[in-house]
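Trainee: I have a model open and some questions about it. Can we go through them one at a time?

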Amino acid sequence: MAGAASVSAMSDAVDRDEPAHRGTPPAPEGIDAERVTAWFAANVPGVRPPLEFSLITGGHSNLTFEVRDAAGRRWVLRRPPLGHVLETAHDMRREFRVISALGATRVPVPPAVGLCEDESVNGAPFYVMDFVEGLVVRDPGVAGQLTIEERKSVSDSLVEVLAAIHAVDVDEVGLGDLGRREGYIERQLNRWYKQWNQSKTRELEAIDEVYSLLSSSVPDQGPATIVHGDYRLDNCIVRDGRVVAVLDWEICTLGDPLADVGLLMVYWGDPSSGAPTVPGAPTSVEGFASRGELLERYSKVSGRSVDGIDYYVAFGYWKLACIVEGVYARYLAGAMGKRADGDFSPFKMYVEAMADAALKSARQVLG
């Protein structure tokens, strides 16, 4: 995996569209400025046009924009990628519903502002949430802006927030019908394998072998909880050493909480563990908790056993390979708001590295 960039860093290189706040710059691709401004005027109290729109760097699935009005107020607008999308992976109504429901819980989420399902406004549904001040720790360089003490505090906070997500009473907050509660891993294996076969740009035997291995030995699932589906440090906003908002709820559903924990291990760079990790992981710098410390704290805070977590780690590597292949295919097709004229080879290498890590992990766990 050496030499490959992280997903976030690769996305930064492709998606960067820096905001300009002198005059009224043209809206980026994916925004119909006139109609979206009219929607804001009708649905967001106190907004003061004209509005400026800028693509927020780092996104590699749904398109995410900063919106700023003439008074300096800021919001975030989320919409699906341009072009073809797969099933419910980019469901704006679902994301908006989740953050709206979680706003009254201990889970920190950006306050929901409004949802537009009328595709005549912007060519696709979108939703708007408040802009949350803080830092998105995407890579070791950004992680270096945190003090050693803050890195440890962020590690603890990240685990505590994950435990809070898994502790939400889904019926009480109105999310009891968000998804089927049983058979989460089986459904996930089938879903991402289907997406792999729809999106793949080449054959990778490792993906097929891991699918077979994991499908043959699915662990028993305990009581279903909310599962974020892509929980990691750089899908959170941190401030003063704490997680102040969890982002990117697009594949959230109900199911096995240990899947979130296993994927967090995949993303968590820990040089002392000797385990494969995603390239460019921000937590590879000094001061962050180890993987073992994260697991111990999660078990303590949640009251949930993490025995058997190695299966979920193997599943996490495999799932990540399938997801990034879809991102890679969309970039090649120009569906992320840019022409397909960049160097996308890091995505290809990333997918192959995650597939190899998944196969190695699955063979160790399942023989």
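Mentor: Start with a definition: helices are DSSP runs of H or I with at least four residues, numbered from the N terminus. Keep in mind that this model is predicted.

Trainee: Does serine 155 count as buried or exposed?

Mentor: Buried means under 20% relative accessible area. Serine 155 has 0% relative accessibility, so serine 155 counts as buried.

Trainee: Leaving aside neighbours within four places in sequence, which residues is serine 155 in contact with?

Mentor: Contact means heavy atoms within 4.5 Å. With the sequence neighbours within four places set aside, the contacts of serine 155 are Trp268, Phe288, Ala289 and Leu294.

Trainee: Where is the place of glycine 30?

Mentor: Helix α1 covers 7–15, and α2 covers 33–43. Glycine 30 sits in the loop between α1 and α2.

Trainee: How many Å apart in space are glycine 30 and alanine 124?

Mentor: In sequence, glycine 30 and alanine 124 are 94 residues apart. The spatial value runs C-alpha to C-alpha. It is 9.0 Å.

Trainee: What percentage of the residues in the protein chain is buried?

Mentor: The cut-off is again under 20% relative accessible area. Glycine 30, at 13% relative accessibility, therefore counts as buried. Of the 367 residues in the protein chain, the buried share is 54%.

Notes: Residues numbered from 1 in each chain as written. Predicted model: local features only at pLDDT ≥ 70, side-chain atom pairs only at ≥ 80, totals over all residues. Heavy atoms only, no water. Buried < 20%, exposed > 50% of the residue type's maximum accessible area, 1.4 Å probe, protein only. Helix = DSSP H or I, 4+ residues; strand = E, 2+ residues; numbered from the N terminus.
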